[in-house]
Amino acid sequence: MEHAYKLNLVTQATAAFNCRTCTGQRADQWYHDMGLWIRRQARKHGVDVGQAMAGFAVLSTNSTVDLNMRNFTTWLEGKPVKHFGDVKRRLRLIKRGDINGGLSYKRGRKIVSFYGNLRYPRRPSETPTIDRHAARILFGVENDDAARLGKNLLAQKRGYAIAARVYRDVAREVGLRPHELQAITWCHLVNCKNEDS
Ligand SMILES: [Zn+2]
């Protein structure tokens, strides 16, 4: 299976590298750029950068990037944020300075990876953030069943680790960091749906 995953990821990477929107916006630098924005917001509100990034990661669950950014600034301003599950409890821990406590999930590798990618975008061997879009790409974006198959993969015990390894392997081949490859292929999927047609 992993060979098919790699081919599909290479296909999506090639489409993204040939996309004027993605290359023009340097979509591979998404984590770096978003990290700068979070740092600015943290400074503005006198919040520790690590705490701010952990809060941003925790708030990202089940929300779009735009909504996440809005919720994040609301949270920094000390106002109540609409939340899912135990986000509120996690945000409380993070605000108290317990970043690890706020980020500790039993099956939450996505949020922990997201935090790591934002905080250390220049580190070489980070685990990329594998969300449902990143998983879907491994089954081919033209495949109508890809969304369902991606979800199934992430539900498997080793699914996240397998997907992360595929991103790491292809990233090495194309000369990007794993989360940079994930960022540009993700951006192309989410933002440029009609670009190539
Ligand atoms: Zn694109």
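Reader: What covers the buried residues of α10?

Author: The cover includes α9 (132-137) and α11 (159-174). Contact here is a distance test: two residues are in contact if their C-beta atoms, placed from the backbone, lie within 7 Å. Helices are DSSP runs of H or I with at least four residues, and strands are E runs of at least two, numbered from the N terminus. The model is predicted, so local features need pLDDT of at least 70 and side-chain atom pairs count only at pLDDT 80 or more, while totals for chains, interfaces and linings use all residues. Residues are numbered from 1 along each chain as its sequence is written.

Reader: Which residues of helix α10 are buried?

Author: A residue is buried if 20 or more other C-beta atoms lie within 10 Å of its own, exposed if 12 or fewer, and partly exposed in between, with C-beta atoms placed from the backbone. In α10 (residues 146-155), the buried ones are Gly150, Leu153 and Leu154. They lie on the same side of α10, because they cover an arc of only 95 degrees around the axis. That arc is taken over the directions from the helix axis to the C-beta atoms. On the face turned away from this buried side, α10 carries Arg148 and Ala155, which are exposed.

Reader: How do the axes of α1 and α11 cross?

Author: Axes are lines fitted to C-alpha atoms, for helices over the stretch in contact, and angles run from 0 to 180 degrees between N-to-C directions. For helix α1 (residues 2-17) and α11, the axes come within 10 Å and cross at roughly 50 degrees. α1 is therefore oblique to α11. The classes are roughly parallel under 35 degrees, roughly antiparallel over 145, roughly perpendicular from 65 to 115, and oblique for the rest.

Reader: Which residues of α1 and α11 meet?

Author: From α1 there are Glu2, Tyr5, Lys6, Leu9, Val10 and Ala13; from α11, Ile162, Val166, Tyr167, Asp169, Val170 and Val174. By class, this contact has nine nonpolar, no polar and three charged residues. Nonpolar covers Ala, Val, Leu, Ile, Met, Phe, Trp, Tyr, Cys and Pro; charged covers Asp, Glu, Lys and Arg; the others, Gly among them, are polar.

Reader: Is α1 oblique or roughly perpendicular to α12?

Author: The axes of α1 and helix α12 (residues 178-191) come within 9 Å and cross at roughly 75 degrees. That makes α1 roughly perpendicular to α12. Leu9, Gln12, Ala13, Ala15 and Ala16 of α1 meet Leu181, Ile184, Thr185, His188 and Leu189 of α12. This contact divides into seven nonpolar, three polar and no charged residues.

Reader: Is leucine 76 buried or exposed?

Author: Leucine 76 is buried, because 21 other C-beta atoms lie within 10 Å. Leucine 76 belongs to helix α5 (residues 65-76). Not counting residues up to four places away in sequence, leucine 76 touches Gln41, His45, Val47 and Ala52.

Reader: Where is arginine 26 found, and what is its phi?

Author: Arginine 26 sits in the loop between α2 (20-24) and α3 (30-44). Its phi is positive, about 50 degrees, although arginine 26 is not a glycine. With 14 other C-beta atoms within 10 Å, arginine 26 is partly exposed.
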